[in-house]
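Here are a few notes from going through this one, jotted down point by point. Have a look at the structure, then read on.

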Amino acid sequence: MISTRKISALAISALLVLGLAGAAAQEAFTPPSTPEEAVRMRVATMRENGALLRTAGMLTGAEAVAAARTILDNYAELPDLFPEGSTAGSDALPTIWQDWASFAAIIEAGRSAAEAALAAAEAGDIAGYNSELGTVMRTCGQCHQQFRS
Ligand code: HEC
């Protein structure tokens with residue numbers, strides 16, 4: 001017979017495995033291999049961010065943590081979703097690659113605000129979380145104005 005203690009040890013190791021799988025899934029980002037794939041991936045990422053940010057300000061607790069983490073992951077991936085010259089079938093302007101430093105700086109401003117939003121959400125500081133999300137949202141318009149046709 002399996003003892004209760006053994007069962008809970010099994011449950012804990014199952015949880016650990018799930019936790020590791022979750023962490024691995026988050027890290028398993030494969031950069032696009034063609035310009036077409038890059039356009040598809042960034043459009044999907046942009047839409048996901050847009051959908052998340054429409055409701056993120058109403059979230060608290062674990063839901064706020066999850067939203068901030070997804071936005072952070074998405075911003076961290078953005079530089080890889082804009083390989084040089086990937087403008088076919090896209091609203092991305094060629095100025096992105098002529099002024100990559102400015103483009104990358106806007107992404108970094110959003111990424112670091114998302115990181116701060118995540119830390120605030122984890123600390124239960126919802127006011128801080130919302131204020132950082134506001135900073136993330138300002139980067140959307142800032143970049144679109146400059147780098148999207
Ligand atoms: C660093 C620049 C940059 C940032 C930051 C940025 N975007 Fe974008 N976004 C773009 C570019 C460039 C395109 C055009 C992509 C394409 O067509 O290849 C785009 C396209 C979009 C689209 C249109 C997707 C479609 O259906 O074609 C949406 C929606 C969008 N962005 C939402 C957002 C939101 C919401 C944020 C902020 C959370 C954001 N973006 C932040 C550069 C940016």
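1. Let's start with the ligand. There are 23 residues around the ligand, and the nearest of them are Met46, Gly50, Ser90, Cys140 and Cys143. Helices α2, α5 and α6 are the elements that contribute two or more residues to that shell. Bear in mind that this is a predicted model.

2. Which element gives the largest share of the shell around the ligand? That's α2, with eight residues. By type, the shell splits into 13 nonpolar, six polar and four charged residues.

3. Now α6, which runs over residues 126-147. Its 22 residues reach 32 Å from first C-alpha to last, close to the 32 Å expected at 1.5 Å a residue. The buried residues here are Tyr129, Glu132, Leu133, Val136 and Cys143. Why do they sit on the same side of α6? Because they cover an arc of only 105° around the axis. As background, an α-helix has 3.6 residues a turn, so residues three or four places apart point the same way.

4. The other side of α6 has Ala127, Gly141 and Gln145, which are exposed. As for the buried residues of α6, their cover includes α2 (35-56), α3 (61-77) and α5 (100-122).

5. Next, α3. Its 17 residues should span 24 Å at 1.5 Å a residue, and the end C-alpha atoms are 25 Å apart, so the two agree. Buried in α3 are Ala64, Val65, Ala67, Ala68, Ile71, Leu72, Asn74 and Tyr75. These buried residues pack against α2, α5 and α6.

6. On to the core. The largest nonpolar core has 26 residues, and the ones with the most contacts inside it are Ala68, Ile71, Ala114, Ala117, Leu118, Ala121 and Tyr129. Helices α2, α3, α5 and α6 each give two or more residues to this core, and the largest share, eight residues, comes from α5. In general, nonpolar side chains tend to be buried together in soluble globular proteins.

7. What does Ala114 touch, leaving aside its neighbours within four places in sequence? The contacts are Ala68, Ile71, Leu72, Tyr75 and Val136.

Technical notes: Residues are numbered from 1 along each chain as its sequence is written. This is a predicted model: local features need pLDDT of at least 70, side-chain atom pairs count only at pLDDT 80 or more; totals for chains, interfaces and linings use all residues. Helices (H or I, at least four residues) and strands (E, at least two) are DSSP runs, numbered from the N terminus. The expected span of a helix is 1.5 Å times one less than its number of residues. A residue is buried if 20 or more other C-beta atoms lie within 10 Å of its own, exposed if 12 or fewer, and partly exposed in between; C-beta atoms are placed from the backbone. The arc is that of the directions from the helix axis to the C-beta atoms. Two residues are in contact if their C-beta atoms, placed from the backbone, lie within 7 Å. A residue is near a molecule or strand if its C-beta atom, placed from the backbone, lies within 6 Å of it. Ala, Val, Leu, Ile, Met, Phe, Trp, Tyr, Cys and Pro count as nonpolar, Asp, Glu, Lys and Arg as charged, and the others, Gly among them, as polar. A nonpolar core is a set of buried Ala, Val, Leu, Ile, Met, Phe, Trp, Tyr and Cys residues joined through C-beta atoms within 7 Å.
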